Amino acid sequence: MSRDAGRPARGPRPPVRPAIVILSLVLPALASRAAAADQEPRVPVETVTVRGEAEGGAALDPTAFATVIRAEDFAGRVTSLGELLRQTVGVQVRSLGGEFATVSIRGSTAEQVVVYLDGVPLNRALGGAVNLADLPLGQIESIEIYRGFTPSSLSEASIGGAVLIHTRRPDGRRAGAASASFGSFETGELSGSFSGSRGRADYRAGLDAAASGGDFRYLDDNGTDFTTDDDETVRRVNNGFHRLHLSGGAVVRAGERTRFEVSADVLRRDQGVPGIGAISSPTARFDMTREILRSSIEAPGLLDGRLLVRGAFDVTRYAESYDNREGPVFTTRTDNRIGSFGQEAGFVFVPTRRQAISFLAAHRRETADLAELLVEPSDRGSAARDSIVLTLEDQVSFASGRVLLNPSLRREIYTSTFRPGPAAGLVPLPPAAEESEVTGKIGFRVRAGERLTVKGNAGRFVRVPDFIEIFGNRGSVRGNPALLPERGTSADIGIAFSRRAGPLLRQLKVEGTLFETRADDLVVYQSVAQGIVVTQNYGRARVRGAELSLSFAAGPRFSGSLNATRQRAVNISGDPNDGRLLPGRTSDEVSASAAVALGGGRLFYEFTYVGRNYVDVQNTPSAALPARYLHDIGYHLRLRRGLTLTAEIDNLTGRRTLDVARFPLPGRSFSGRLAWEF
């Protein structure tokens, strides 16, 4: 059946906002002016760096509590983005035991965390959390995790924070790399990249290809928690995947300082959807293609070094199909096409040596065309969202730079529309839903000597409901165009201590943080009839917690780290479940690692503890997911110059565990990796 069968002709799309187009057209003129500037700046411009790491954190917000993971930190590992984030303080990763995992921060939902790939937000208006498996590590240069607060220089923000993924940038060096990984459950991955320079242009390209059978063994309780008589150990079926990822980019230098950059990222993935442990789905499939194109320009050095101007635009296209024609619970075959076009322009102005003012204007248009191929006509309709974001930030330092204040404001305007198709079971055509919000935060940092730093932040943020929550494009889900955004207020304060000592204790870093987040107008699905749910604003939640992170290097061979998070995400709505923990939020998580140089290589060990996790609002003890204790061990050996070998054993004890809605996770697994840099 043709995807377009039964679809009426589409009308013209609304025009892009003229003001934003004008800003984009002005950028080439600014670039020309930057190229003509030949004087060295008289004012230092370190405060206007837009990428990299600042001392004690990440560069986009020096007052935020952030973690930076660099490529060299995981170069000797056979790992994934989800596993790396799992080892980060304040971060929770939820896995379905296959090619799907999501991230939450400080008790948020996965939808309340914004994930960026090279400046392009991957969260979509259609709904659903970002799948971390869509971001293979082979071409990644660094990862920045902002806990609780999103930097004002980013075009999208939310309650939980942000994860920024940076791929490797062309740097002019002629170099190449290749690796081959293999492991349990018929898992394998190939990765390669090369970079070089030609004239004023630097370029880079990379490829990753991976596949897995995913057929690990797990304990199936047949959905009966009250007895073990029908439990059996079975093999996971329909859990395999194939993934192909291409990325590349080029940087062109225009004059002394102006840089024009273009990058492309293409991901193709097909996978089985195995269902939960007790209810398997042996034939369901999900296919996805994601294409991203982004270009940007950055012109520093204007006004004698006091002004940096930057702008960018990006285009993203998704093609997603889900085929579950054989059930077992319900049958469906969807084919959705999702696209977005974003553009932004901004500047950083340094009026004095102690102040930097930054401004950002961004516009994004997202569209989604939805089809259900098992019905006739198949057109379920199309949705669109326009968003305009304006941010203003002032960074001021006092007392010879020991005290830093960082206030910021954010204005967000969203307009969402939905045109139902002729397919049955859809909500009537609602008016366009428009939301306008003003949020902001203030942060501070105080250096109390060379070793001790005190930081804190307070502010409020929002999450606009997605298309499904507003318009309900499925027959069993009835949307609510009158939904209010989820609103949140957050505050945190912490102390960081660092010390560089002698040969016995070469380095020590300790950070402790207290935080609280309150969320109002939570979006929930309320049952109104058998098989019918309606989205409503309901409830309040409070998350309080503490974070502790420690890292050290002792002697010439030994290093280690410890991350611990204790939090309580509580329902404070005043309903019968008031005071109970929110489902899906663990109260305690601990991770620790140790490494020692041994025999020309490095032996490493990692431990992860994830506490008990309730899965329902009543906190039923018998339904809760049990605590998980995971031990991983490995050895990384440098064979010769540029050639390395890694071997790992994950879940060393073979403990069988569950996550999310009782999805089984793999037991003991083995993996190896051979890598060559040239």
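Ser263 stands opposite Arg294 in β15. The model is predicted: local features need pLDDT of at least 70, side-chain atom pairs count only at pLDDT 80 or more, and totals for chains, interfaces and linings use all residues. Residues are numbered from 1 along each chain as its sequence is written, and side-chain values use heavy atoms, with hydrogens and water left out. The chain holds five helices and 36 strands. Helices (H or I, at least four residues) and strands (E, at least two) are DSSP runs, numbered from the N terminus.

**Whole chain**

- The chain has 678 residues, and 51% of them are buried. Buried means under 20% relative accessible area, exposed means over 50%, and partly exposed lies in between (1.4 Å probe, protein chains only).
- The accessible surface is about 30,100 Å². Carbon and sulfur atoms account for 58% of that surface. Areas come from the Shrake-Rupley method with a 1.4 Å probe; for residues, only the protein chains shown count as cover.
- Take contacts (heavy atoms within 4.5 Å) between residues at least 6 apart in sequence: 64% of them join residues at least 24 apart.

- Strand β14 (residues 258-272) pairs with β13 in the antiparallel sense, over 14 bridges. Two strands pair if DSSP finds at least two bridges between them.
- Val252 faces Phe260 of β14 as its opposite number.
- Three residues separate the strands in the β13 and β14 hairpin, where Gly255 takes a positive phi near 80 degrees.
- β14 is also joined to strand β15 (residues 285-301) by 14 bridges, and the two run antiparallel.

**The largest cavity**

- Rolling a probe the size of a water molecule over the atoms shows where empty space is left.
- The whole structure contains nine cavities of 30 Å³ or more. The largest cavity has about 440 Å³ of space.
- Of its 31 lining residues, Asn123, Glu156, Glu366, Arg385 and Tyr414 are the closest to the centre.
- A cavity is a set of points, on a 1 Å grid over the protein atoms alone, where a 1.4 Å probe fits but cannot get out; lining residues have an atom within 4 Å of a point. Grid points are joined across faces, edges and corners, and a volume is the space filled by probe spheres set on the points.
- Two or more lining residues of the largest cavity come from each of β16 (307-324), β17 (332-352), β18 (355-371), β19 (379-398), β20 (403-420) and β22 (452-463).
- The lining of the largest cavity counts eleven nonpolar, nine polar and eleven charged residues. Ala, Val, Leu, Ile, Met, Phe, Trp, Tyr, Cys and Pro count as nonpolar, Asp, Glu, Lys and Arg as charged, and the others, Gly among them, as polar.

**Strand β18 and its partners**

- β18 gives the most residues to the lining of the largest cavity, four in number.
- Most of β18 is covered, with 14 of its 17 residues buried.
- On one side of the pairing list is β17, antiparallel to β18 over 14 bridges. A hairpin of two residues joins β17 to β18. Phe341 has Arg365 of β18 as its bridge partner.
- β19 also runs antiparallel to β18, through 17 bridges. Ala368 stands opposite Ala383 of β19.
- The loop between β18 and β19 contains Pro377. The peptide bond from Glu376 to Pro377 is cis, with omega near 0 degrees.

- Most residues other than glycine have a negative phi, and most peptide bonds are trans.
- Glu186 is not a glycine, yet has a positive phi of about 60 degrees. Glu186 sits in the loop between β8 (175-183) and β9 (187-198). Glu186 is exposed, at 64% relative accessible area.
- Asn238 also has a positive phi, near 60 degrees. Asn238 lies in the loop between β12 (232-235) and β13 (241-254). Asn238 counts as buried, at 16% relative accessibility.

**Arg673**

- Arg673 belongs to strand β36 (residues 669-677). Arg673 is buried, with 18% relative accessible area.
- Arg673 and Ser181 are 492 residues apart in sequence, but 4.2 Å apart in space, C-alpha to C-alpha.
- Leaving out residues up to four places away in sequence, Arg673 touches Ala75, Arg77, Val78, Ser179, Ala180, Ser181, Phe182, Thr644, Leu645 and Thr646.

Methods
1 Å grid on protein atoms, 1.4 Å probe; cavity = no way out; pocket = protein on both sides within 12 Å on 5 of 7 lines; lining within 4 Å.
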